[in-house]
Amino acid sequence: MKARDWLGVLPFIGMLGGIPFVNRVEPYVIGMPFVLFWIVLWVVLTSVIMAFLNKIDPATKEDGQ
């Protein structure tokens with residue numbers, strides 16, 4: 001697998017694989033329990049990662065016509 005493939009798997013690992021390690025109410029971050037902040041953070045990071053992958057994907061390059 002290429003590095004960009006692993007980058008596509010990262011949100012899955014971060015959101016679902018990280019929950020057992022961050023499953024706690026305190027500390028509060030931005031007024032949210034830590035586990036909720038973790039999920040919201042990964043939703044935002046997933047969007048950023050997918051936009052980056054779309055930009056570097058050779059299949060989305062235009063022919064320049």
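Here are some questions and answers about the predicted model shown above.

Me: Before we start, what pLDDT do side-chain atom pairs need to count?
Reply: Residues are numbered from 1 along each chain as its sequence is written, and side-chain values use heavy atoms, with hydrogens and water left out. This is a predicted model, where totals for chains, interfaces and linings use all residues, local features need pLDDT of at least 70, and side-chain atom pairs count only at pLDDT 80 or more.

Me: In what order do the elements run from the N terminus?
Reply: Helices (H or I, at least four residues) and strands (E, at least two) are DSSP runs, numbered from the N terminus. The protein has three helices and two strands. Read from the N terminus on, the order is α-α-β-β-α.

Me: What radius of gyration does the protein have?
Reply: The radius is taken over C-alpha atoms, and the globule rule is 2.2 Å times the number of residues to the power 0.38. The C-alpha atoms fill a box of roughly 55 × 25 × 10 Å along the principal axes. A compact globule of 65 residues would come out near 11 Å, but the protein has 16 Å.

Me: How far apart are the end C-alpha atoms of helix 3?
Reply: The expected span of a helix is 1.5 Å times one less than its number of residues. Helix 3 covers residues 34–56, which is 23 residues, so it should span 33 Å. The model agrees with that, as the end C-alpha atoms are separated by 32 Å.

Me: Which residues in helix 3 are buried?
Reply: Buried means under 20% relative accessible area, exposed over 50%, and partly exposed in between (1.4 Å probe, protein chains only). Of the 65 residues of the protein, 15% count as buried. The cover over the buried residues of helix 3 includes helix 1 (3–17), helix 2 (19–22), strand 1 (28–29) and strand 2 (32–33). The buried ones in helix 3 are Phe 34, Phe 37, Trp 42, Ile 49 and Leu 53.

Me: Leaving aside neighbours within four places in sequence, what is Trp 38 in contact with?
Reply: Contact means heavy atoms within 4.5 Å. Trp 38 sits in helix 3, and its C-alpha is 8.8 Å from that of Gly 14, 24 residues away along the chain. With neighbours within four places set aside, the contacts of Trp 38 are Gly 14, Met 15, Gly 18, Ile 19 and Val 22.

Me: Is Phe 52 buried or partly exposed?
Reply: Phe 52 is also a helix 3 residue. Because its relative accessibility is 44%, Phe 52 counts as partly exposed.

Me: What is the phi of Ile 30?
Reply: Most residues other than glycine have a negative phi. Ile 30 lies in the loop between strand 1 and strand 2 and is exposed, with a relative accessible area of 72%. Although Ile 30 is not a glycine, its phi is positive, about 55°.
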